[in-house]
Amino acid sequence: LCKVSFTINEIKKIIDKTNACLAWGGGLGFVPADDKIIKIESLISIDPEPNLIASILAKKLSVSSKYILIDIPYGKYAKVNKEQGLKLKDKFERIGKKFNLKIKCVLTDGSEPIGNGVGPVLEIRDIISVLKNQTPQDLCKKSIFLAGEIFDLCGKTKKGEGKKLAEKIIVSGKALEKFYEIIEAQGGDRNKINSILTLPKFSQEFKSKKTGTIYEIDNKAINFIARLCGSPSDKKAGIFINYHIGSKVRKNEVIATLYSQSR
């Protein structure tokens, strides 16, 4: 939707204009060794805990972040289970305090993909829908929760009041307007968003073979299939998931649709 790789001076100009910026840190060379490690980890699908902690905190420290909120999704098919998530939270917070960071980790339900889309274009379509105060509800709910936690952490609101402010910002349309403002400050055009976020040429529907209730979704399998479709290198590739855990499904209803640029 817009450029995300900038020099430090360009980022400062955008922030002076909008109070925000959507930037790819890799282009700034703050943590060059980490960028190289991430490329290797991505290729062979590994994510060791020491590297995970160092990677996340190194980026925050390199830009002098004062307030840090870390979301740790847990579940059967997430990176961590609840017990591992609690240990990870403890490590993040202990190490963060050694660097005098105001850091908070929250554990959230990672038993299934959040939202409906998996893949860059499909996910940004979900995001714009949430900013318009529409579906998917699970993504909207989580966004409000995390934004509320940040407001509480920085003292923008009294403890426990942040969620109300976040909800008010979404419902009023201010969040969507700010999103458009940032996109345009970074060289994008709000009027071209729909033409950019089109779906690819090829798709394949998967239908339910029987009537029943969805009781489990394998995140790792979803991730693997999305990659086979070409995501994230191919921005339009991925999976659109129609149902979540607990959903009732009838026989022959479409459960998910796969998208790819090639047959």
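A salt bridge here means a side-chain nitrogen of Lys or Arg within 4 Å of a carboxyl oxygen of Asp or Glu. By that rule, Glu177, Glu184 and Arg190 are joined in a network of salt bridges. The general idea is that side chains of opposite charge can pair when their charged atoms come close.

Before going further, some housekeeping. This is a predicted model, where local features need pLDDT of at least 70 and side-chain atom pairs count only at pLDDT 80 or more, while totals for chains, interfaces and linings use all residues. Residues are numbered from 1 along each chain as its sequence is written, and side-chain values use heavy atoms, with hydrogens and water left out.

Back to the salt bridges. How many salt bridges does the structure hold? There are 14 salt bridges, and I will take three pairs.

Is Asp34 buried or exposed? Asp34 is buried, at a relative accessible area of 12%, and Lys59 is partly exposed, at 28%. The cut-offs are under 20% relative accessible area for buried, over 50% for exposed, and partly exposed in between, using a 1.4 Å probe and protein chains only.

Next is Lys79, which forms a salt bridge with Asp47, and the closest N and O atoms are 2.5 Å apart. Lys79 lies in the loop between strand S1 (67-74) and helix H4 (82-98), and Asp47 lies in the loop between H2 and H3, so this pair ties together parts that are 32 residues apart in sequence. Lys79 is exposed, with a relative accessible area of 66%, whereas Asp47 is partly exposed, with 33%.

The last pair I will show is Lys76 and Glu216, whose side chains meet at 3.1 Å, N to O. Lys76 is in the loop between S1 and H4, and Glu216 is in the loop between strand S5 (212-213) and helix H10 (219-229), so parts that are 140 residues apart in sequence are tied together. Lys76 is exposed at 61% relative accessible area, and Glu216 is partly exposed at 36%.

Now helix packing. Axes are lines fitted to C-alpha atoms, for helices over the stretch in contact, and angles run from 0 to 180 degrees between N-to-C directions. Helix H5 (residues 120-131) and H8 pack at an angle of about 135°, with their axes 8 Å apart. H5 and H8 are therefore oblique to each other; angles under 35 degrees count as roughly parallel, over 145 as roughly antiparallel, 65 to 115 as roughly perpendicular, and the rest as oblique. Which residues meet here? On the H5 side they are Ile124, Ile128 and Leu131, and on the H8 side Ala175, Leu176 and Phe179, where contact means heavy atoms within 4.5 Å. That contact divides into 6 nonpolar, no polar and no charged residues. For the record, Ala, Val, Leu, Ile, Met, Phe, Trp, Tyr, Cys and Pro count as nonpolar, Asp, Glu, Lys and Arg as charged, and the others, Gly among them, as polar.

H8 also meets helix H1. The axes of H1 (residues 8-18) and H8 (residues 174-185) come within 10 Å and cross at roughly 145°. Ile14, Lys17 and Thr18 of H1 make the contact with Lys178, Glu181, Ile182 and Ala185 of H8. These residues divide into 3 nonpolar, 1 polar and 3 charged.

Finally, some backbone details. Where are the cis peptide bonds? One runs from Thr135 to Pro136, with omega near -5°, and Pro136 is in the loop between H5 and helix H6 (137-153). Another runs from Ser231 to Pro232, with omega near 0°, and Pro232 lies in the loop between H10 and strand S6 (238-241).

Asn133, also in the loop between H5 and H6, has a positive phi of about 60° although it is not a glycine. Asn133 is partly exposed, with a relative accessible area of 38%. That is where I will stop.

Terms used. Helices (H or I, at least four residues) and strands (E, at least two) are DSSP runs, numbered from the N terminus.
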